[in-house]
Amino acid sequence: MRLSGRNLRCVRGGREVFSALDFSVSSGEALTVLGPNGSGKTSLLRLIAGLLVPADGAIALNGGEAELSVSEQAHYLGHRDALKPALSVLENLSFWRDFLGGEMQDARQCLAAVALDHATDLPAAYLSAGQRRRLSIARLLAVRRPVWLLDEPTSALDAAGQELFVGLMRQHLGRGGIIIAATHLPLGIEAGELRMRGPA
Amino acid sequence: MSALAALIRRDIRIALRVGGGALIGVLFFLTVTVLMPFAVGPDLALLSRLGPAILWLGALLASLLTLDRLFTADHDDGSLDLVVMSRTPLELACAAKALAHWLAAGLPLIIATPALGLLLNLDGTATLAVALTLLAGTPALTFTGMIGAALAVTLHRGGLLLAVLVLPLSIPVLIFGVAASQAAISGPLSFGTPFSILCALSLVSFVLGPFAAAASLRHGLD
Amino acid sequence: MSFGPYASFIVTSYALVTVVVLLLIIWIIADYRRQQARLLDLEASGVTRRSGRGATDIR
Amino acid sequence: MTLIDLANPTRFLALTARILPWLAGATAILLAIGLYQSAMAPDDYQQGATVKIMFIHVPNAWLSMFVWGVMSVAALGTLVWRHPLADVAAKAAAPIGAAFTFLALVTGSLWGRPMWGTYWEWDARLTSVLILFLMYLGLMALWRAVEDPSRAARAAAILTLVGAINIPIIKFSVDWWNTLHQPASVIRMGGSTLDKAFLWPLLVMAVAFSLLFVTLHLAAMRNEILRRRVRSLQMMQASRIAFSSEVGTGSREEKASKTIGAA
């Protein structure tokens with residue numbers, strides 16, 4: 001499996017964020033996207049996720065399921081955690097597992113993997129920022145998708161949470177997954193680097 | 001299919017839990033209807049003549065009021081991104097959200113109609129006619145209102161703008177809804193003609209609403 | 001004892017009051033049981049109140 | 001949370017547990033006496049047997065206003081004295097008050113049906129009660145809309161007090177509006193010249209229903225206190241998870257990765 005972008009150009013609000021950008025990641029590899037604020041890290045991730053349309057260029061996933069688009073084979077972990085405060089931890093996770101579709105895992109085991117298994121019936125409103133992030137990470141495990149697009153994944157996590165997350169990322173890569181992460185902090189796994197220059 | 005069922009289940013759950021707004025719509029409907037006689041006067045004959053119109057206007061405003069957050073809530077917490085990335089077509093997801101909204105906020109309005117009919121001095125037939133036309137017509141209000149709710153995400157504005165956008169679109173539904181209930185009460189038209197047009201409007205909105213809303217959401221993402 | 005021509009209205013209003021009051025009582029009792037059960041669940045999972053007493057203790 | 005915050009509701013719970021059975025018993029006895037007396041009461045020469053509806057309508061109507069009064073005092077308690085139980089009392093009273101108001105409305109309309117020929121007449125009294133009912137529902141909606149009880153408390157208290165000031169104004173306006181449209185009132189409900197034969201059953205029923213309210217209110221307050229305890233325990237549970245996961249991550253991670261890998 002190989003995820004690649006060729007000659008990508010992104011324009012947002014009439015302003016060119018980046019242009020002529022190429023990247024390529026293979027199965028079992030991780031890529032960190034580095035660069036100053038405003039250099040288009042988030043835009044690149046959203047472009048790959050299909051949430052933005054490139055002004056130029058194309059993104060392709062070779063060796064994936066042919067009838068599915070890239071975005072349907074990718075997980076996106078953004079700044080906003082897509083949790084409903086009125087629902088319990090388990091309800092939140094089960095909903096995304098059922099809705100996203102694909103190869104499903106047991107929701108309780110996924111919560112155990114992020115150390116939230118004692119809080120299954122707690123309303124998500126009571127969770128701290130770090131716990132909310134853990135719950136979002138559990139979503140990546142609940143449905144298996146080969147591409148993980150992570151936007152500052154470790155920002156709200158404590159040391160233990162980061163360690164736990166590194167383990168989960170290693171597992172994902174070990175199964176032939178692909179990770180692209182935009183981050184300021186070292187991710188904790190061996191990864192290629194893509195430096196965004198920022199607006200010219 | 002189970003993906004859509006999960007979406008409908010989640011939306012209904014959120015609407016009925018603490019903090020959800022489903023039952024506030026009914027309360028609004030009740031209040032608007034009770035206010036009318038204070039403006040019109042307590043003349044029972046007059047009220048029973050105006051009754052269907054009052055109930056329809058109340059239901060229209062109530063269903064519009066609760067539509068406001070249909071997509072903006074999901075947009076604000078990032079859920080909408082994931083809905084777009086799912087393997088379910090966005091059109092179907094929109095339809096499921098509208099259906100859930102109608103079940104949680106539209107259906108209670110119809111259940112409340114008989115009690116309000118009593119206050120407006122409507123007899124059994126008239127109340128039944130209004131309830132029936134609301135049952136056929138409120139889905140159309142929800143599904144056309146959904147277009148406005150999707151536009152509100154694109155424009156980062158909701159509230160009054162939504163009302164201004166959607167109210168003109170709901171004029172046909174209002175016309176045939178009130179016409180059908182009046183026909184059942186006093187004639188001279190037969191009930192069937194306006195009622196079948198009302199049903200047709202609902203069916204058209206089932207097709208048009210999800211497509212327009214999905215298109216608007218796709219372009220509105222950033 | 002006869003209620004005259006409007007017996008149904010009298011019976012209906014008394015019946016309705018009975019039903020609503022009973023519903024209120026049932027709701028309050030059910031709510032009490034539910035909260036009590038949730039408190040016991042929480043205590044069973046090892047969460048206790050800061051004062052060191054059980055949350056269900058009333059004394 | 002200070003010690004008094006905890007101690008007060010705890011003492012309240014102990015007190016409630018002790019007096020609730022007695023209250024319930026007293027309510028049942030008084031209700032039985034009241035019902036017997038109202039069944040034995042003679043027919044009114046004008047209204048016939050329908051006067052019997054008065055014995056349940058008037059207590060409910062009285063309670064619909066009395067409960068708002070209780071809530072207003074509680075609202076003052078929340079805003080001025082910041083008594084920890086005040087908000088609990090106000091919140092627990094609202095659904096009960098709404099139920100009594102609903103009953104006042106329905107029994108009033110059933111009482112009026114033989115006189116008016118319709119179930120609903122925009123009679124000044126009934127209309128005022130209807131508006132009171134809407135205000136109860138609005139207040140309940142306010143409590144439901146906000147998840148955090150301490151934030152909802154002040155908003156609800158202000159609304160309750162505004163309502164208490166507004167209710168007489170609304171009553172006056174509705175009276176004025178009503179006389180403007182129909183000069184002669186259809187009937188005078190429960191006029192001031194009540195025969196002794198009606199007065200006694202009515203008084204007993206009014207006291208019985210008031211006791212019923214006190215009983216239900218205390219029980220509902222107990223539920224509300226327990227609900228808040230559940231909430232604070234859940235929040236403690238949430239914060240404890242963060243703590244425990246920090247301690248035991250190493251082994252937990254290995255175990256978790258095995259289960260996920262096998263799944």
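User: How many helices and strands are there in chain B?
Analyst: Heads-up: this is a predicted model, where local features need pLDDT of at least 70 and side-chain atom pairs count only at pLDDT 80 or more, while totals for chains, interfaces and linings use all residues. Residues are numbered from 1 along each chain as its sequence is written, with chains lettered from A and ligands numbered from 1 in the order in which they are written. Helices (H or I, at least four residues) and strands (E, at least two) are DSSP runs, numbered from the N terminus. Chain B reads α-α-α-α-α-α-α-α-α-α along the sequence, for a tally of 10 helices and 0 strands.

User: What is the radius of gyration of chain B?
Analyst: For 222 residues, the globule rule gives 17 Å; that rule is 2.2 Å times the number of residues to the power 0.38, and the radius is taken over C-alpha atoms. The C-alpha trace itself spans about 55 × 35 × 30 Å along its principal axes.

User: How do α3(B) and α6(B) run relative to each other, roughly parallel or roughly antiparallel?
Analyst: Helix α3(B), residues 44–67, packs on helix α6(B), residues 90–119, at about 155°, with axes 11 Å apart. Axes here are lines fitted to C-alpha atoms, for helices over the stretch in contact, and angles run from 0 to 180 degrees between N-to-C directions. Under 35 degrees counts as roughly parallel, over 145 as roughly antiparallel, 65 to 115 as roughly perpendicular and the rest as oblique. The pair is therefore roughly antiparallel.

User: How many nonpolar, polar and charged residues are in the contact of α3(B) with α6(B)?
Analyst: Contact means C-beta atoms, placed from the backbone, within 7 Å. Ala, Val, Leu, Ile, Met, Phe, Trp, Tyr, Cys and Pro count as nonpolar, Asp, Glu, Lys and Arg as charged, and the others, Gly among them, as polar. Residues of α3(B), including Gly51(B), Leu55(B) and Ala59(B), meet residues of α6(B), among them His101(B), Ala105(B) and Leu109(B). Sorted by class, that contact has 7 nonpolar, 7 polar and no charged.

User: Which are the edge strands of the open sheet in chain A?
Analyst: Three-way order first: the 3 strands line up as β2-β1-β4, with antiparallel pairing. Strands pair if DSSP finds at least two bridges between them. Pairing on one side only marks the edge strands, β2 (15–26) and β4 (56–62) of chain A.

User: How many nonpolar, polar and charged residues does chain C put on the side that touches chain D?
Analyst: The contact draws 37 residues from chain D and 27 residues from chain C. On the chain C side, those residues split into 18 nonpolar, 6 polar and 3 charged.

Note on methods:
Two residues are in contact if their C-beta atoms, placed from the backbone, lie within 7 Å.
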